[in-house]
Amino acid sequence: MIEPDILGIAFQCAEAMERAQVPYFLGGSLASSLQGEPRATNDIDFVVDLRPEQVRPLIDALGEDFDVDEEALREAVSRRSSWNIFHIPTVTKVDLFILRQEPFDKSEFARRRRVVLPPEQRGLYIKSPEDSVLRKLLWFRDGGGSSTTQWRDIVQILRLAGAQLDQAYLAEWAARLEVASLLAKAREAAG
């Protein structure tokens, strides 16, 4: 089950990004929980196309509930790396991954989708389920193929969203990212 506080903080961040005109998408475990099997998570991951001149407007839009090291975030933007901010009332970590310029990163970002979630009918951008599968396959492979949590997330997304997934896109990028054999095993596990 997804903790209501976590989802509320994600909406708070998304709404601040939209006010600051920072393109983004929700990723990581929270995204895969919304697309597959809900599970507890301790942090929130966003990929952001944040430019230096947007750092201050984003901090202002986030408001006093968030602890943001402005200088460190600016440095992350210039290095195209990542930094984290904290939701002070809940001590929840929010990771901001600055959009990289690799082909898969660009494709993943271009395919983000806006979803509106009940019961509050609040919306935010989330990565596509296909891209959640592909990114988690990369993490699984790069982590030595030992993360049962990543594997379960992959299989559950394939199981629950299988008929609606863009299979051609999955096959193309799995081959390009050299995770095609892992995708085949995950499909088999998904039934």
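Two residues are in contact when they have heavy atoms within 4.5 Å. In this predicted model, and leaving aside its neighbours within four places in sequence, Gln 150 is in contact with Lys 136, Trp 139 and Phe 140. Gln 150 itself belongs to helix α7, which covers residues 148–161. Is Gln 150 buried or exposed? The relative accessible area of Gln 150 is 16%, and because buried means under 20%, this residue counts as buried.

Turning from this site to the chain as a whole, the secondary structure consists of nine helices and seven strands. The chain has a radius of gyration of 17 Å, close to the 16 Å that the globule rule gives for 191 residues, and it is therefore as compact as a globular protein of that length. Among the contacts between residues at least 6 apart in sequence, 62% join residues at least 24 apart, while 49% of the 191 residues count as buried.

The overall values for the chain are set out below.

| Property of the chain | Value |
|---|---|
| Span of the C-alpha trace along its principal axes | about 45 × 35 × 30 Å |
| Accessible surface | about 9400 Å² |
| Share of the accessible surface belonging to carbon and sulfur atoms | 51% |
| Distance between the centres of the positive and negative side chains | 5 Å |

As for charge, the chain carries 24 positive and 30 negative side chains, and the centres of these two sets lie 5 Å apart.

Note on methods
Residues are numbered from 1 along each chain as its sequence is written. This is a predicted model: local features need pLDDT of at least 70, side-chain atom pairs count only at pLDDT 80 or more; totals for chains, interfaces and linings use all residues. Side-chain values use heavy atoms; hydrogens and water are left out. Helices (H or I, at least four residues) and strands (E, at least two) are DSSP runs, numbered from the N terminus. Buried means under 20% relative accessible area, exposed over 50%, partly exposed in between (1.4 Å probe, protein chains only). The radius of gyration is taken over C-alpha atoms; the globule rule is 2.2 Å times the number of residues to the power 0.38. Accessible areas come from the Shrake-Rupley method with a 1.4 Å probe; for residues, only the protein chains shown count as cover. Lys and Arg count as positive and Asp and Glu as negative; His and the chain ends are not counted. The place of a charge is taken as NZ of Lys, CZ of Arg, CG of Asp or CD of Glu.
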